[in-house]
Amino acid sequence: MTPAKKKVAGAPKEVIAKGNNEERWYQTAVFYELLIRGYFDGNGDGTGDFKGLTERLDYLKWLGVDCVWLLPFFQSPLRDGGYDISDYLSVLPEFGDLGDVVNFLDEAHRLGMKVIADFVMNHTSDQHPWFLESRQSRDNPKADWYVWNDDDQKYLDARIIFVDSEPSNWSWGPERQQYYWHRFFHHQPDLNFQNPEVQEAMLETVRFWLDMGLDGFRLDAVPYLFEKEGTNCENLPQTHEYLKRVRKEVDRLYPGRVLLAEANQWPADVVDYFGEGDECHMCFNFPLMPRMFMSLRREQRYAISEILAQTPDIPEGCQWGIFLRNHDELTLEMVTDEERDYMWAEYAKDPLMKRNIGIRRRLFPLLDNNRRAAELFHALLFSLPGSPILYYGDEIGMGDNIFLGDRDGVRTPMQWSPDRNAGFSKADFAQLYAPPIMDPVYGYEALNVEGAMRNPSSFLHWLQRMIDVRKQHPLFGLGSFEVLSAENPSVLAYIRQYKEDIVLCVNNLSRFPQPVELSLQAWAGKAPVELLGRVPFPRIGELPYLLTLGPHSFYWFQLTEHVMEQP
Amino acid sequence: MIDIDTLTEPIREFLPKQRWYAGGAEIPDAVEIEDSETIRKEWPVLVHAVAAVGKKQVSRYQILIGLRPFGEHAQFLEGVEEGVIGPIESTEGPAYAYDALRDPELSKAFFEHIAPSLEKVEHIRAINTEQSNTSLVFDDRYIMKVYRRLMEGENPDVEITKALWDAGFTSVPEPISDWTFDRTSYAVIRGFLAGGSEGWSLALTSLRDLFGVHGNPSMAGGDFAPEAARLGEMTAEMHSKLKEAFGSREGKAGAWAQSMRDQLARLDHPDIDTAPIADTFAALERVKDAGPAIRVHGDYHLGQVMRTDLGWYVLDFEGEPARSVGERVSSTSPLKDVAGMLRSFQYASHAAMVSHEERLEGLALAWEDRNRQAFLEGYVARAHAAGLVPDAVEDFETVLKAFELDKAVYEVSYEQAYRPDWLDIPLHGIKKLTELTT
């Protein structure tokens, strides 16, 4: 093993003529994750809905969002935030009806935006008619649609994911006197994908939503579709086969739609979900995000750079999804034991980091409301290999309300204005699905879209500008990625390159100013031009290139042939 | 092409200006070119020479001489007058001679000469931090280390790096090629640890963070302890592979104590109370079990380890520059290396207080203690399992403390001679070590 080898990590191989670029929009897109409930209330009932969301598409267009990712909006008893679906073909009434969905999709498409939605294949709600029927008896038409067994001693090698609330992966079904299998909550029975009828039914729902105009799915909990005795029941070959079948169907009937897999695994294992470029188009790079927080805390790059070094190349036409925060906690679960040990060793003794583990927090509170750090994090998000996914509200630096409990703390209403209910809803305050943030630092009177729009130096404007710059350089989505040697451990520097376009990114992970000498001889003669202000910097020579960076600052330099001449 | 002896005089003046020259600032009383070979015959010419320096005590230095026609501009020599040897007559007309390792073209020619089978390299840069050798990095893939002061016998750096690599220890740079004749090592090419930082820089990063927050180091974001623990684990692994590759014998506490006492006797500093130091050495002599003696790194500190994306690496097995070759290759307790690293933690914690601010001393001390602890935690369990250290805790502590004090005594002499500004650090170290009762 030669560490000296140049690592080109995690970057898609250069796109060749096959497949047209428009169908691969997701490789350069900026994603924006939101929950309909919390975005904008169009009918004044205190809950966000499709009608309201449609009204706010102009804002997302202005920000530069290419694709909206919707958290689950299907019919559900809502015992797991809508991930417990009781009817795949209808919408939660408080969000609107199928007509509202169609209107929303049409308007998004008219503005040139795509829409993908959370989709759960692995399990349904125990209120789904399929399960209600299946549990009745051992011989009804849906009897074999779920995983039933006479005892709870099967598949014992599969770990229990929600160890705090579930004692077993099996629960008792009194009517048919058997146990049913569930990898998550007991009210979310796993579908039996061994059954061809289930496979076909799921494809049918996929077709239904793609016909409706959805541009793809974020596939929840994909590693668990199939079970097999003697295995941990994760990532089984049959699961991959089925996903390939779904992909084939998408390619055949709906080219240009995207499958984004949620497989919270190690990058080297996650790449299996890309197949040979014939499975999922995108996968999340999960370990990157907690390691960014760790690097910032440690003020040195190794937590980030070592995970990038372990991130394998991905097949052509594929892309990573990367994010700073999402609707889940800063999780240490669902990664390898080795990684968990490593993260615990680094985090668990540190009260500040420990406090943030297992609780859902938003980006700004996690960064102690440090704007410089937030800018640095977004500069990383927009320049590391992958397509960036923003979480609603983070663009205005929204806070959270951890007293709302587990998942609702980061799902408070979007703060649109300093008006009543943060401009989110015209309903009575008491009618709101959740109170907006009202504390003096993060409250909607101080932090809201309207105010941020009026202030040219707001974080929102800065972010909009960054997205705009990113879009001018497809290399951020498509280019190669090469980490540069820097003796100063607080500095993370890398080169992105796609065809003739080359960008040098230099990041200071420390809250103190730092110098760095970069050996840029391979680019000697080129002139760096800073991308945000088009400021020319001294030409690169044979000697190490010296840069000084302010606290938590970063540079994006385009390496050009010519410096702009003085008039 | 040239009469090499005409360069004798210019080289005599050239040597004291070189960082790698160990003879001080005085122009040496005698220089003789023992051996020379023209490696490249066309312009710019490359000549390899070995110079015997000194009358009484002869040291041999390797010099790579570049020649260009008189009047030809050489950008790489701009602002580095010390790189110029001087004018010379050649059969092709007047020329000037200079240090060829400052010339990218000739450095590449030399690289290709000693490793002809490697693919062509493009970009070269020098590593500026080195004292006794010259190292060049090629394309961020290879590092060529050119030994300046030549040793009799195989250079332990070459020998040990290779032996460790062959034993399956991957925390050393991969040996790729070496240029060795008559068991003398002239140059070596290894895999370059791209993306690496010295342990020293990482330690200072951590300390700066701590000084910025003024709290308990375990609460500080820049905590170094997990790195220190992994460094300890790597160190134990290195020692067990050294034992595997070179064997071990019974440690001789008496002989170790004697050489420590000899060094202590040479120490000349009015503020040091030598009695408690001597007591520790006497205690070493009395230990029941001193643990084994093995080949060790010999000059182990934070500047000799690199953190990369693949973890910690160890470099430079040449041993302490001020010791004789015989001393450098002889076996000793692996706790000598452990002591070296622990001393380095104290150095780092003091060096981070740029102007020795008193208000930071408590923090520096807390940082040192914490990382010392973490390093030992990483080291000890593995070292015990590999039979590298005394079994009994008291013996372990006595041996370790003796080696730490021995190292600190060495540091005092070294700082007196070379860096008086740093003298406070080992003085503090000795004070702290002798105040602790065992």
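Which residues in H6(A) meet which residues in H7(A)? Gln199(A), Leu203(A) and Val206(A) in H6(A) are in contact with Tyr242(A), Val246(A) and Glu249(A) in H7(A), a contact being two C-beta atoms, placed from the backbone, within 7 Å. By class, these residues comprise four nonpolar, one polar and one charged (Ala, Val, Leu, Ile, Met, Phe, Trp, Tyr, Cys and Pro are nonpolar; Asp, Glu, Lys and Arg are charged; the others, Gly among them, are polar).

This is a predicted model, in which local features need pLDDT of at least 70 and side-chain atom pairs count only at pLDDT 80 or more, while totals for chains, interfaces and linings use all residues. Residues are numbered from 1 along each chain as its sequence is written, and chains are lettered from A and ligands numbered from 1 in the order in which they are written.

Helix H6 spans residues 196-212 of chain A and helix H7 residues 237-253; their axes come within 11 Å and cross at roughly 35 degrees (axes are lines fitted to C-alpha atoms, for helices over the stretch in contact, with angles from 0 to 180 degrees between N-to-C directions). Chain A contains 17 helices and 21 strands, which are DSSP runs numbered from the N terminus (helices H or I, at least four residues; strands E, at least two). In chain A, 68% of the contacts with a separation of 6 or more join residues 24 or more positions apart.

In chain B, the axes of H11 (residues 393-418) and H12 (residues 424-435) come within 9 Å and cross at roughly 155 degrees. H11(B) and H12(B) are therefore roughly antiparallel (angles over 145 degrees).

Terms used. Angles under 35 degrees count as roughly parallel, over 145 as roughly antiparallel, 65 to 115 as roughly perpendicular and the rest as oblique.
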